[in-house]
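Here is a short report on one structure. Keep the sequence and the 3D view open while reading.

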Amino acid sequence: MVKTPIKPLDLFNIDSMLSAEEIAIRDTVRKYVEKRIKPEVADWYESGELPVAELAKELGELGVLGMHLDGWGCAGTSAVSYGLSCTELEAGDSGLRSLVSVQGSLAMKAIHAFGSTEQKDQWLPGMAAGDIIGCFGLTEADFGSNPSGMRTNAKRDGGDWILNGSKMWITNGSVAKVAVVWARTDDGVRGFVVPTDTPGFSANLIHKKLSLRASVTSELVFDNLRLPASAVLPEVSSLRGPLTCLNEARFGILFGALGAARDCLESAITYGLERDQFDKPIAGFQLTQKKYADMTLELGKGMLLAIHVGRLKDQGLATSEQVSLGKLNNAREALAIARDCRSILGANGITLEYPVMRHLCNLESVFTYEGTNEMHTLVVGEALTGLGAFR
Amino acid sequence: MKIAVCVKQIPDPAAPAKMDANYNLARDTKLIMDESDSYGVEMALQLVDKAGAGEVVLFSMAPGEEVSGLRNALAMGAHRAVLISDPRLAGSDALSTAKVLAKAIGRESFDLVLAATESSDGYTGTTPVQIAELLDLPSVTFAKGIEVKGESLIVARQTEAGFDEIEVPTPALVTVTAGVVEPRYPNFKGIMAAKSKPVEKLSIDDLAFSPDSVGASGARETITSIRPAESRGAGTVVVDEGDGFAKIIEYLESLKVI
Ligand SMILES: Cc1cc2nc3c(=O)[nH]c(=O)nc-3n(C[C@H](O)[C@H](O)[C@H](O)COP(=O)(O)OP(=O)(O)OC[C@H]3O[C@@H](n4cnc5c(N)ncnc54)[C@H](O)[C@@H]3O)c2cc1C
């Protein structure tokens with residue numbers, strides 16, 4: 001007898017762990033992604049172009065941008081609601097989720113946590129509405145996993161600051177109206193809120209990407225860029241600044257990566273039920289079912305972990321090590337799920353007609369950015385042994 | 001402009017349906033807002049927006065004090081809700097449902113009562129006009145558009161050939177067809193605000209019904225048997241060999257629709 005198939009995460013009854021409000025927020029984002037993103041994202045991916053300004057406006061109207069922050073036009077939702085939204089956005093495309101992560105968790109969070117009241121008033125409402133796009137520059141061409149070596153620097157000139165150097169792999173870089181840039185100064189690493197129309201600022205689009213093609217990635221160059229004293233984020237003067245923001249964005253990724261994985265798995269199950277070989281659906285073969293079962297287990301375990309870390313975060317208890325555990329596991333398992341799903345789709349699996357290869361390629365970036373898999377392994381290793389193995 | 005919108009909360013149509021012992025749809029699962037009603041909610045919000053002021057009040061009869069579908073409509077922007085929930089209402093037929101909703105709506109005065117043309121679970125399509133009759137209101141069905149003109153409404157009523165334009169004095173009841181407006185996504189501020197919007201809960205005692213006039217005992221309809229709908233035969237597969245367009249034309253011509 002044929003039973004009605006159940007969706008992978010429903011097998012875990014994940015919904016039973018969520019409040020009505022969390023489900024409502026999730027469903028809103030899910031509907032938006034189904035209607036607005038999924039029909040077009042393959043074309044954006046192929047052309048390497050994303051209508052960022054348009055999407056930012058729509059996401060702003062929904063309340064997605066900076067949703068977990070309070071005040072200044074932000075919705076002030078729970079961390080779990082933010083995480084669930086990331087899952088839905090990334091079920092559309094990791095590029096869309098990256099746009100949102102960078103805007104809300106990196107650029108807005110930096111200003112929200114470390115900015116002056118004037119900076120918050122000036123930037124946050126427009127960023128929450130999606131009128132102003134932000135980017136976040138920490139990584140440099142020569143300093144990725146080890147940002148403490150950064151060369152970008154800011155020197156005082158009377159009351160002003162002069163910024164020199166460059167940043168690499170900056171999401172939203174070429175479309176941003178404001179960049180939060182981290183630079184070395186005489187009093188430690190400081191954050192600067194840089195309007196991108198300031199003379200001396202340029203952004204160069206990075207081409208030939210094979211991953212996150214539906215996302216803008218740029219190099220930022222600062223050539224004797226003059227900033228007033230009011231441009232510096234007053235409340236932090238060390239790497240704690242960018243790391244606080246990264247921790248926030250990583251939290252979104254431990255939910256987000258599972259969205260891409262879920263979309264792959266659901267596609268692979270649908271495909272397997274429709275695709276006949278040897279006179280029956282390939283979903284009916286034991287080898288395929290073992291793949292489905294193993295992937296479902298990893299997806300569900302990842303979601304349980306994500307929600308657990310989310311609940312800790314909402315109680316103010318989540319540590320950065322716990323976020324690392326989540327990022328390490330969920331980015332790694334999502335990538336593994338995408339690969340196995342790709343195999344189930346056979347030749348169709350390599351095209352943009354199905355979302356799987358696109359997610360698979362995207363997840364390679366997700367595996368690397370916001371702390372590589374190795375970095376998070378070392379964080380966990382240090383937590384377990386007390387011994388740092390970074391250098 | 002003050003508008004009442006009837007909102008049915010139904011078992012998720014995406015989930016497999018279960019029937020109870022009396023051949024009624026089992027409603028002991030999580031209920032959601034009937035998508036057909038989201039068009040009425042959207043229409044009401046747009047009319048109130050255009051009028052510049054007013055109120056959109058939701059009315060729902062549902063078991064188990066279910067409010068999640070109502071919260072959804074409140075998150076879209078409706079102002080408050082009235083929920084009639086009473087175990088003694090189980091087994092109500094369309095007319096009893098209409099009586100209950102009419103009584104609840106009739107406690108206040110509204111310029112307009114909106115409902116969907118029919119619900120997505122029961123498909124009787126009779127409740128709205130019964131409500132109109134009980135409230136002594138004129139009713140217009142199958143609206144694809146509503147415009148306010150002084151004390152009247154101009155309703156575009158969908159027909160097979162196109163649409164009729166009907167002028168109706170307010171207060172009136174209008175049923176709205178699906179797909180005529182794009183129901184807005186509730187935004188997160190709306191969702192957060194919906195938590196604290198008032199939902200008034202009423203029992204049949206609050207509405208002064210005797211238990212035998214509503215619910216299963218008051219129902220004049222009984223369902224004596226049910227059977228699965230006949231499954232449709234497989235469709236014809238037409239392979240496009242560059243002449244797909246011509247084949248579609250040929251097919252439509254054979255049906256005499258073009
Ligand atoms: C699409 C995309 C978007 C991005 N967006 C942004 C952004 O908006 N803002 C921003 O600041 N950055 C951004 N990044 C940069 C990202 O954070 C870095 O790529 C990441 O931190 C890794 O740095 P790296 O690429 O220089 O790799 P490297 O640090 O050179 O690492 C290369 C390899 O060496 C390993 N490795 C390094 N050190 C050790 C060690 N001690 N022990 C063991 N293994 C080690 C790494 O794990 C990795 O496998 C983005 C990157 C991508 C791909």
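## Strand pairing in chain A

How many bridges join E5(A) to strand E9 of chain A? Eight bridges join them, and the two strands run antiparallel. E9(A) covers residues 217-227. Strands are DSSP runs of type E with at least two residues, helices are H or I runs of at least four, and both are numbered from the N terminus. Two strands pair if DSSP finds at least two bridges between them. A:Thr171 stands opposite A:Thr217 in E9(A).

E9(A) also pairs with strand E8 (residues 201-205) of chain A. Five bridges join E8(A) to E9(A), again antiparallel. Here A:Asn204 has A:Glu219 of E9(A) as its bridge partner.

## Basis of the model

This is a predicted model: local features need pLDDT of at least 70, side-chain atom pairs count only at pLDDT 80 or more, and totals for chains, interfaces and linings use all residues. Residues are numbered from 1 along each chain as its sequence is written, while chains are lettered from A and ligands numbered from 1 in the order in which they are written.

## Around the ligand

The shell around the ligand has 20 residues. A residue is near the ligand if its C-beta atom, placed from the backbone, lies within 6 Å of it. A:Thr139, A:Gly144, A:Ser145, A:Thr372 and A:Glu374 come nearest. Four elements of chain A give two or more residues each: strand E3 (134-137), strand E5 (160-171), helix H9 (356-368) and helix H10 (373-385). The largest share, three residues, comes from E5(A).

By class, the shell has nine nonpolar, nine polar and two charged residues. Nonpolar means Ala, Val, Leu, Ile, Met, Phe, Trp, Tyr, Cys and Pro; charged means Asp, Glu, Lys and Arg; the others, Gly among them, are polar. Where does the ligand lie relative to domain 2 and domain 3 of chain A? Domain 2 (134-231) and domain 3 (240-385) both give residues to the shell, so the ligand lies between them. The domain bounds come from an automatic or database domain assignment.

## Chain A against chain B

At the interface, 15 residues of chain A are in contact with 13 residues of chain B. Contact means that the C-beta atoms of two residues, placed from the backbone, lie within 7 Å. On the chain A side, helix H1 (20-47) and helix H2 (52-62) give two or more residues each. H1(A) gives the most, with seven residues. The chain A side has seven nonpolar, five polar and three charged residues.

## Helix packing and a buried histidine

Helix H3 (residues 79-92) and helix H7 (residues 286-314) of chain A have axes that come within 8 Å and cross at roughly 145°. These axes are lines fitted to C-alpha atoms over the stretch in contact, and angles run from 0 to 180 degrees between N-to-C directions. H3(A) contributes A:Ala79, A:Val80 and A:Gly83 to the contact. H7(A) contributes A:Ala306, A:Ile307, A:Gly310, A:Arg311, A:Lys313 and A:Asp314. The contact residues divide into four nonpolar, two polar and three charged.

A:His112 sits in helix H4 (residues 94-114) of chain A. Is A:His112 buried or exposed? A:His112 is buried, because 23 other C-beta atoms lie within 10 Å. The cut-offs, with C-beta atoms placed from the backbone, are 20 or more other C-beta atoms within 10 Å for buried, 12 or fewer for exposed, and in between for partly exposed. Leaving aside neighbours within four places in sequence, A:His112 is in contact with A:Leu69, A:Lys120 and A:Leu124.
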